[in-house]
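This briefing covers the fold of one protein chain.

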Amino acid sequence: MTAQLDLFGHSPAVRETYGIHSAALLEKAKGPGGCTCPLCGQNVKIYRRTITAAMVVALIKMYQAYCRYKWSTEDRDRSLHVEGLLKRCDCSSGTRGDFHKLRYWGLIEKVEEDRPDGSHRNGHYRLTPKGRQFILEQTMVQKYAVIYNDTLYGIEGDYVGVRDALKEKFNFDELMKEEVL
Ligand SMILES: [Zn+2]
């Protein structure tokens, strides 16, 4: 749990000076109105993001692409430009906009690559071993990611498998049969 290391973006050193009990504050920040940060006075609201059916569809597309042309390559080359993949698969804009949140659950990881323009935003992600196990129904994840300011504060809630996460909106077996370009 990273919550003990960092409170609402303030460094641990600052937090210690003020003697803040971060666990209690985090709970309060998850409430309906959030809480006031004792360090800077700003209102802080922490969100619980659910792993959605659309995200899991994107993960399945990644898995299928790996099956088609990635498992045979070197580990370091196993990355995909996911947005491009999802476009080719006619996935909705919601799916394309949300898939990157799968990294909160450790199901995918962003590929950091220095480019000449100094940008890290190359849009490439890897399916992790955990992501693969999730698709193969060998592991489950807790339903909610606790997020503040794009930082993960923890994972909580009931455990869900790939079929639970797809809900009634999508049929897992049908999705797994689809061809990936
Ligand atoms: Zn603050």
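How many bridges join β4 to strand β6, and in which sense do the two strands run? Two bridges join them, and β4 and β6 (residues 124-127) run antiparallel. The model is predicted: local features need pLDDT of at least 70, side-chain atom pairs count only at pLDDT 80 or more, and totals for chains, interfaces and linings use all residues. Residues are numbered from 1 along each chain as its sequence is written.

**Overall make-up**

- The chain contains eight helices and eight strands; helices (H or I, at least four residues) and strands (E, at least two) are DSSP runs, numbered from the N terminus.
- Of the 181 residues in the chain, 27% are buried. A residue is buried if 20 or more other C-beta atoms lie within 10 Å of its own, exposed if 12 or fewer, and partly exposed in between, with C-beta atoms placed from the backbone.
- Among contacts between residues at least 6 apart in sequence, 54% join residues at least 24 apart. Two residues are in contact if their C-beta atoms, placed from the backbone, lie within 7 Å.

**Sheet β4-β6-β5**

- Three strands form this open sheet in the order β4-β6-β5, with antiparallel pairing; two strands pair if DSSP finds at least two bridges between them.
- The edge strands are β4 (80-81) and β5 (108-110), each of which pairs on one side only.
- L80 stands opposite Y125 in β6.
- Helix α3 (residues 53-69) packs on the sheet and touches β4, β5 and β6. The direction of α3 makes about 80° with that of β6 (axes are lines fitted to C-alpha atoms, for helices over the stretch in contact, and angles run from 0 to 180 degrees between N-to-C directions).

**Sheet β3-β7-β8**

- Another open sheet of three strands has the order β3-β7-β8, and its pairing is antiparallel.
- One side of β3 (47-50) and one side of β8 are left without a neighbour in the sheet, because each stands at an edge with a single partner strand.
- Neighbouring strands of this sheet are turned by 30° against each other on average, direction ignored.
- β3 and β7 run antiparallel and are joined by four bridges; T50 stands opposite Y144 in β7.
- β7 and β8 pair in the antiparallel sense over seven bridges, and V146 has G154 in β8 as its bridge partner.
- The β7-β8 hairpin has two residues between its strands, and N149 in the turn has a positive phi of about 55°.

**Nonpolar core**

- The largest nonpolar core has 41 residues, of which M55, V56, A58, L59, M62, V82 and L102 touch the most other members. Such a core is a set of buried Ala, Val, Leu, Ile, Met, Phe, Trp, Tyr and Cys residues joined through C-beta atoms within 7 Å.
- α3 gives the most to this core, with 10 residues.
- This core lies between domain 1 (2-45) and domain 2 (53-140 + 161-177), because both give residues to it; the domain bounds come from an automatic or database domain assignment.
- Not counting residues up to four places away in sequence, L59 touches L102, L107, G131 and I135.

**Helix α2**

- In α2 (residues 22-29), L25, L26 and A29 are buried.
- The buried residues of α2 fall within an arc of 105° seen down its axis, so they line one face of the helix; the arc is that of the directions from the helix axis to the C-beta atoms.
- A23, A24 and E27, on the other side of α2, are exposed.
- What covers the buried residues of α2 includes β1 (35-36), β2 (43-44) and β8 (151-160).
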